[in-house]
Amino acid sequence: KVQTEFRVLVISPTCALHSKQNFARTMGSHARLPNIDISAVLLPGELRAKLVKGGFKMTADFSGMSPSELAKETQMSQKDAVEVLRAIRGDARPAQKGGKSALELLQENKDAGPKHVITFCADMDNMLGGGVAMGEVTEFCGAPGIGKTQLGIQLAVDVHLPGAFGGAQGEAVYIDTEGSFMEERAKDIASAFVGHVHKMGAQTERNERDEHTSNLSVESILSSIYVYRVHDYVEQIAVVACLDKFLDAHPLVKLVVMDSVAFQFRTDFKDYAMRSRLLTASAQRLTQLAIERKIAVVLINQVTTKIEKGPSSSSFLAPALGETWAHACTSRVMLYWEHGQRFARLYKSPSRKTDTVAYSVLQEGIRGVNKKRRSKQSSQARALG
């Protein structure tokens, strides 16, 4: 029987929030801040506008200021003042230190190492240009039961693929907002993954095989998937805020999966304007992490029913969280059923054409569809017609 060590991190709503006294000490008169424009600090637009109106233009203007003093001078709430000072303290750096030529960016991209995390479905990998891109945010949307969580777990395992086989050879963070992460399922997928990698290794020279596969096991994979179980939107925001420091402590992390991004915001929120602002800030933070750390960020999203206005009044499934959220991700893939077969459709990408491929969810995990089996299923579907 396989004995596994599995790390589950439970986040409290207060994990990223300090007491007022501790915060004041941290931001006290002895704190020295780099003097940069506040436009380079990640802040909601309305808070930035209040700061400018209050005469705050540079980060050095906040030195020695307490949350209560800032709230009084800018007419914002104490909570917003704490948020501003924390952002100034943690993110007081230019959004971009200097311009670069297109040639420099091209060279950096060429020298960046592994660029994708494979899905183990060859057709889906080809559609995505080699797998889920690192340095980008990719969203997978779909109805319940389509295999979104299965895909998230598959990617969390696949990121461990050794570099000798074109993999990222990294670790994963899995943010579980629904309680759908299944450790036993992760063990099944990891077991199939390890067997496949050892099979590939058997086709190489012995010394090279031992070097790249000797330390790869189900236990080693599961012990380097860090699971955060969150229970409300406050915890979800806190986890995203904590990720920077966590990644500093775990530099091998090459993938962050959030499953799902919508759940807590759909159940707890009635103020849609506030929801939109919080989601936008969270998306900006995740995009920043993906770009700066060259990691893959995967967001799992639910779907909702949309009604088309007109004589026919037809309905269709669309990703949750509305049109504003649609701009948050670099690439977007819709997962859906058709005639009893699962399909993935890439319909938003900066570099790939719109395409649709079939995939399967098997005991081993996410896999492609055998063409003969797919042809047989299509014939059966037409017969049932």
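Predicted model: local features only at pLDDT ≥ 70, side-chain atom pairs only at ≥ 80, totals over all residues.
## Confidence of the model

Across the protein the mean pLDDT is 81, and 80% of the residues reach 70 or more.

## Overall make-up

The protein has 385 residues, of which 43% count as buried, and its secondary structure comes to 15 helices and 14 strands. When contacts between residues at least 6 apart in sequence are considered, 66% of them join residues at least 24 apart.

## Helix H7

Helix H7, which spans residues 148-158, is mostly covered, with eleven of its eleven residues buried. The buried residues include Leu151, Ile153, Leu155 and Val157, but also Lys148, Gln150, Gln154 and Asp158. An α-helix has 3.6 residues a turn, so residues three or four places apart point the same way.

## Aspartate 244 in helix H11

Aspartate 244 lies in helix H11, which runs over residues 233-249. Because its relative accessible area is 18%, and the cut-off for burial is under 20%, aspartate 244 is classed as buried. The side chain of aspartate 244 is joined to that of arginine 293 by a polar contact of 2.7 Å.

Key:
Residues numbered from 1 in each chain as written. Heavy atoms only, no water. pLDDT = per-residue confidence, 0-100. Helix = DSSP H or I, 4+ residues; strand = E, 2+ residues; numbered from the N terminus. Buried < 20%, exposed > 50% of the residue type's maximum accessible area, 1.4 Å probe, protein only. Contact = heavy atoms within 4.5 Å. Polar contact = N/O pair within 3.5 Å; in protein donor to acceptor, adjacent residues only side chain to side chain.
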